[in-house]
Amino acid sequence: MKIMIASDIHGSLHWCRKMLECFENEKADRLVLLGDLLYHGPRNELPKEYNPKEVCELLNKYKENLMCVRGNCDCEVDQMILGFPVMADYALYAEDNVTLFITHGHNFNNEKLPPLKKGDFLVHGHTHVPAFDDMGDYTYVNPGSVSIPKENSENGYIIFEKGKFLFKNLEGKVYREENC
């Protein structure tokens, strides 16, 4: 299974379109969204082409391909207009003895760990900074942000397939590769 992992769209129609173009080009089986889909949040500047309503309509067209978790900027009102579940705090994805604990990062993170087994991967967004860090008992993975990257990172996502994490920008260029 090939999955694309992205986070923190924050209502940007421009970057959401780019992300979905990458999803189509990647021919991934699933698009995992790590929350903060529609609202930009009070700490962030408005992202390029801020249009939550259009982002909602665009994402709804992909509802059968999406697996999502709730970000700190997502709420029940968002769920009323989105045609796919977005209110779960976490999801588990397991394949070939690899388990990904998927969450946004505001509830579960390196300071407040979920229950993990040795060798698991904690996958979250929220910080807008890409990461792949061996933490000893688990590995922390973050795709960064689709629309508002921080700390000089690029607008990007991750492809996870066959035990490999490929970090890519929204032009589809690999800038980091990590194995399980």
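Mentor: Let us begin with Met-80, which is exposed, with a relative accessible area of 67%; here buried means under 20% relative accessible area, exposed over 50%, and partly exposed in between, with a 1.4 Å probe and protein chains only. Please keep in mind that this is a predicted model, in which local features need pLDDT of at least 70 and side-chain atom pairs count only at pLDDT 80 or more, while totals for chains, interfaces and linings use all residues. Residues are numbered from 1 along each chain as its sequence is written, and side-chain values use heavy atoms, with hydrogens and water left out.

Trainee: In which helix does Met-80 lie?
Mentor: Helices (H or I, at least four residues) and strands (E, at least two) are DSSP runs, numbered from the N terminus. By that rule, the residues 76-81 form the helix that holds Met-80, and its name is α3.

Trainee: Which residues make the nonpolar surface patch, and what is its area?
Mentor: Patches are made of residues with over 30% relative accessible area and no salt bridge, where like charges are joined within 9 Å and nonpolar side chains (Val, Leu, Ile, Met, Phe, Trp, Tyr) within 5 Å. Accessible areas come from the Shrake-Rupley method with a 1.4 Å probe, and for residues only the protein chains shown count as cover. The patch is made by Val-77, Met-80 and Ile-81, and its area is about 330 Å².

Trainee: In what order do the six strands of the open sheet stand, and which are the edge strands?
Mentor: Two strands pair if DSSP finds at least two bridges between them. The six strands follow the order β3-β2-β1-β9-β10-β11, with mixed pairing. Pairing on one side only marks the edge strands, which are β3 (66-68) and β11 (174-179).

Trainee: Which residue in β3 is the bridge partner of Val-32?
Mentor: Strand β2 (residues 30-33) runs parallel to β3, and three bridges join them. Within β3, the bridge partner of Val-32 is Met-67.

Trainee: What angle does the direction of helix α1 make with that of β2?
Mentor: Helix α1 (residues 13-26) packs on the sheet and touches β1 (3-6), β2, β9 (156-161) and β10 (164-169), where contact means heavy atoms within 4.5 Å. Axes are lines fitted to C-alpha atoms, for helices over the stretch in contact, and angles run from 0 to 180 degrees between N-to-C directions. Between α1 and β2 the angle is about 145 degrees.

Trainee: Why is one side of β4 and of β7 left without a neighbour in the sheet?
Mentor: Five strands form an open sheet in the order β4-β5-β6-β8-β7, and the pairing is mixed. Since β4 and β7 (130-134) stand at the edges, one side of each is left without a neighbour, because each has a single partner strand.

Trainee: Are the residues on the two faces of strand β6 buried or exposed?
Mentor: Strand β6 (residues 121-124) has Phe-121 and Val-123 on one side and Leu-122 and His-124 on the other. Both faces are covered, and these four residues are all buried.

Trainee: Which residue in β8 stands opposite Phe-121?
Mentor: Strand β8 (residues 139-143) runs parallel to β6, and three bridges join the two. Opposite Phe-121, the residue in β8 is Thr-139.

Trainee: How many salt bridges are there, and which residue forms one with Asp-89?
Mentor: A salt bridge is a side-chain nitrogen of Lys or Arg within 4 Å of a carboxyl oxygen of Asp or Glu, and the count comes to eight. In one of them, the closest N and O atoms are 2.6 Å apart, and the partner of Asp-89 is Arg-70.

Trainee: How many residues apart in sequence are the parts tied together by Arg-70 and Asp-89?
Mentor: Arg-70 lies in the loop between β3 and α3, whereas Asp-89 lies in the loop between α3 and β4. The pair therefore ties together parts whose separation in sequence is 19 residues.

Trainee: At what N to O distance do the side chains of Glu-26 and Lys-2 meet?
Mentor: Glu-26 and Lys-2 are both buried. Their side chains meet in a salt bridge, and the N to O distance is 3.4 Å.
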